[in-house]
Amino acid sequence: MTCRETKNLLNAYVDGELDSAGSISVEAHVQACPSCLADVENLHALALSIQNGTLRYEAPRNLKGNVHAAIRAANPAVRHSSWNGRWAAAFGMAALVVLAVWGLGRQQAISSQEALLVDDIVSSHVRSMMANHITDVASSDSHTVKPWFGGKLDYSPPTKDLTEQGFRLIGGRLDYLENRPVAALVYQRSQHFINLFVWPSAGTRIKPEDQIVRQGYNIIHWTKSGMTYWLVSELNWTELTECARLLNE
Ligand SMILES: [Zn+2]
């Protein structure tokens, strides 16, 4: 993929609107191209700024006085007392609008934060398969995988083997999400790989039954005993839900 083709797709890529083939192509190019990588980082930074409100414009403090003076100049007949009443009404209305917009902004900020995390999870999943680096420790024995994480993480991830149920544990890997190292447990169902990311966290408002699809991958999220779980795979929704149910048992 050329730079020009990639740059045309970057907005859709950052917004998670590309199909899996498209996003893999873009991801591959971006990993090898500092210019496109910088563009991706700028787009993420822009999204964050909008979300954090750092781009929000605050009206100067003397605006109220200026508006007051302008209205008085344009309409000398307006009596001061009634003007005050109107101003109060208008100000109250504006405050309501500001509160409504603030509430909306806050709600969107939370969900776009979750959306960024989902993007990171999908990217980690895609990268683990692209870089041929799906596992750091390859073993279907949970008694081998679990101790491998000891000393690498400050928590012990549950390492459930589901081979008998058709989801073979093939190993584990260290990954990096939400600014911390996290455990990735890797399962295989026929030719499909499944990454289970686990770390201690309060989780999100997303429920396990919320069907999240991003860039052609299915994602299931749940929280249990102070741990947050993210299951991601190209596997179909029914089988991935079954996998989540077995892991959650
Ligand atoms: Zn490029």
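## Helix packing, ring pairs and loop residues

Helix 1 passes helix 2 in a left-handed crossing. Left-handed means that the near helix is turned anticlockwise from the far one by less than a right angle; clockwise would be right-handed. The model is predicted: local features need pLDDT of at least 70, side-chain atom pairs count only at pLDDT 80 or more, and totals for chains, interfaces and linings use all residues. Residues are numbered from 1 along each chain as its sequence is written, and side-chain values use heavy atoms, leaving out hydrogens and water.

### The helix pair

Two packed helices are described by the angle between their axes and the distance between the axes. Here helix 1 spans residues 3–14 and helix 2 spans residues 20–32. Their axes come within 10 Å and cross at roughly 120 degrees. Axes are lines fitted to C-alpha atoms, for helices over the stretch in contact, with angles from 0 to 180 degrees between N-to-C directions. Helices (H or I, at least four residues) and strands (E, at least two) are DSSP runs, numbered from the N terminus.

Which residues meet? Helix 1 brings Cys3, Thr6, Leu9, Leu10 and Tyr13; helix 2 brings Ser23, Val26, Glu27, His29 and Val30. Contact means heavy atoms within 4.5 Å. By class, the contact of helix 1 with helix 2 has 6 nonpolar, 3 polar and 1 charged residues. Ala, Val, Leu, Ile, Met, Phe, Trp, Tyr, Cys and Pro count as nonpolar, Asp, Glu, Lys and Arg as charged, and the others, Gly among them, as polar.

### Aromatic rings

A search of the whole structure finds 2 aromatic pairs. Rings of Phe, Tyr and Trp (its six-membered ring) pair if their centres lie within 6.5 Å; planes under 30 degrees apart are stacked, over 60 edge-to-face, and the rest tilted.

| Pair | Centre distance | Plane angle | Class |
|---|---|---|---|
| Trp148 and Phe149 | 5.1 Å | 75 degrees | edge-to-face |
| Trp222 and Tyr229 | 5.0 Å | 5 degrees | stacked |

Phe149 is buried at 1% relative accessible area. Buried means under 20%, exposed over 50%, and partly exposed in between (1.4 Å probe, protein chains only). Trp222 is buried at 3%, and Tyr229 is buried at 9%.

Charges also sit over rings. Lys152 lies over the face of Trp148, at 4.3 Å from the ring centre. Arg189 lies over the face of Phe167, at 4.3 Å from the ring centre. The criterion is NZ of Lys or CZ of Arg within 6 Å of the ring centre and within 35 degrees of the ring normal.

### Positive phi in loops

Most residues other than glycine have a negative phi. Asn179 has a positive phi, near 60 degrees. Asn179 is in the loop between strand 2 (168–177) and strand 3 (180–189). Is Asn179 buried or exposed? Asn179 is exposed, at 71% relative accessibility.

Ser225 has a positive phi of about 50 degrees. Its loop joins strand 6 (217–224) and strand 7 (227–233). Ser225 is exposed at 75% relative accessibility.

### Two buried residues

Thr159 lies in the loop between helix 6 (142–149) and strand 2. Thr159 is buried at 10% relative accessibility. Beyond neighbours within four places in sequence, Thr159 contacts Ser142, Val145, Lys146, Leu185 and Tyr187.

Met227 lies in strand 7 and is buried, with a relative accessible area of 13%. Its C-alpha is separated by 5.4 Å from that of Ser201, 26 residues apart along the chain. Leaving aside neighbours within four places, the contacts of Met227 include Ser201 and Trp222.
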